[in-house]
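Me: Please take a close look at a single part of this model, and set it in its surroundings.

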Amino acid sequence: MNAVVTGAASGIGRACAVRLARDGADVAVLDIDEAGLAETARQVEAASRRCLPVAVDLLDRSAIASAFERVRSELGRVSVLHNNAGGSQRRDIRTFRRSESDQWDYMLGLNLGQVADCTRCVVEDMIEARFGRIINTSSEMAFRTNFGMTDYSAAKAGLLGFTRSLANELARYQITVNAVCPGVTRTPLAEKAIADRLEETLAGIPVGRIGEPEEIAHAVSFFASPGASYVTGEYLLVTGGRTMH
Ligand SMILES: NC(=O)c1ccc[n+]([C@@H]2O[C@H](COP(=O)([O-])OP(=O)(O)OC[C@H]3O[C@@H](n4cnc5c(N)ncnc54)[C@H](O)[C@@H]3O)[C@@H](O)[C@H]2O)c1
């Protein structure tokens, strides 16, 4: 099994790359952060699987195509694609009416546009193989609101629409497409973002703590597994109960 994990130089992506390796996959890890990729590769190799780190700016469409060509020639055809890269990081929090369209384009490009570009690069091989697993990292923010993040919410909700519609188109080829929606998860940026309202944040999470990247990886591992063949077009909220109805 060959897997690609994007945004795998840190946080959730790194944990998912390591988990997929433990599940038996050789893993290509794509990210703009070369130093972080080297550490991820070290951890994947410690799980006795091959790792191909590829430094790439996922906002550059032609660089994405070259990155996936490299993966195909050096690792082989991809059977699992985890579109994980994304994020809500920004210089300052601004309401929609005060925000600028550049910020909107960046958020939509990072959290949605490049997912389509990456998916295009693997889908024909998956169709030919009559097997594939595509997993997208959305967010609880597809369902909740956070002041000053209309762009991120729109992108992550759009990603769920993409997940469902693509799942419908690819189901006949035994390719599943699902999404994981993390809640607050322990990554450097997330910890920094909630530092000044930690108590308030924890009070809103029924299990009383933030999630660990490995807990998101567990959900990804399920969607990626051959046994999850009858699950497609779905999402799983991994939020410590924060989004229960
Ligand atoms: N941590 C959370 O609380 C949380 C909650 C919900 C959803 N998410 C989602 O989980 C995913 C992973 O985020 P994380 O929390 O692990 O953050 P992270 O910052 O640790 O990881 C994101 C990775 O994406 C990479 N990246 C950013 N822009 C890139 C670009 N242009 N080209 C290539 N790589 C790029 C970064 O270098 C980084 O390694 C994201 O899609 C994020 O939106 C995170």
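Reply: Leu-81 is buried, because 28 other C-beta atoms lie within 10 Å of its own (buried means 20 or more such atoms within 10 Å, exposed 12 or fewer, and partly exposed in between, with C-beta atoms placed from the backbone). This is a predicted model, in which local features need pLDDT of at least 70 and side-chain atom pairs count only at pLDDT 80 or more, while totals for chains, interfaces and linings use all residues. Residues are numbered from 1 along each chain as its sequence is written.

Leaving aside neighbours within four places in sequence, Leu-81 is in contact with Val-4, Cys-118, Thr-119, Val-122 and Ile-134, a contact being two C-beta atoms, placed from the backbone, within 7 Å. Of these, Cys-118 is 37 residues away along the chain, and its C-alpha atom is separated from that of Leu-81 by 8.5 Å.

Leu-81 belongs to strand β4, residues 80–83 (strands are DSSP runs of E with at least two residues, helices runs of H or I with at least four, numbered from the N terminus). The open sheet has seven strands in the order β3-β2-β1-β4-β5-β6-β7, with parallel pairing, where two strands pair if DSSP finds at least two bridges between them. Strands β3 (51–55) and β7 (235–238) stand at the edges, each with a single partner strand, so one side of each has no neighbour in the sheet.
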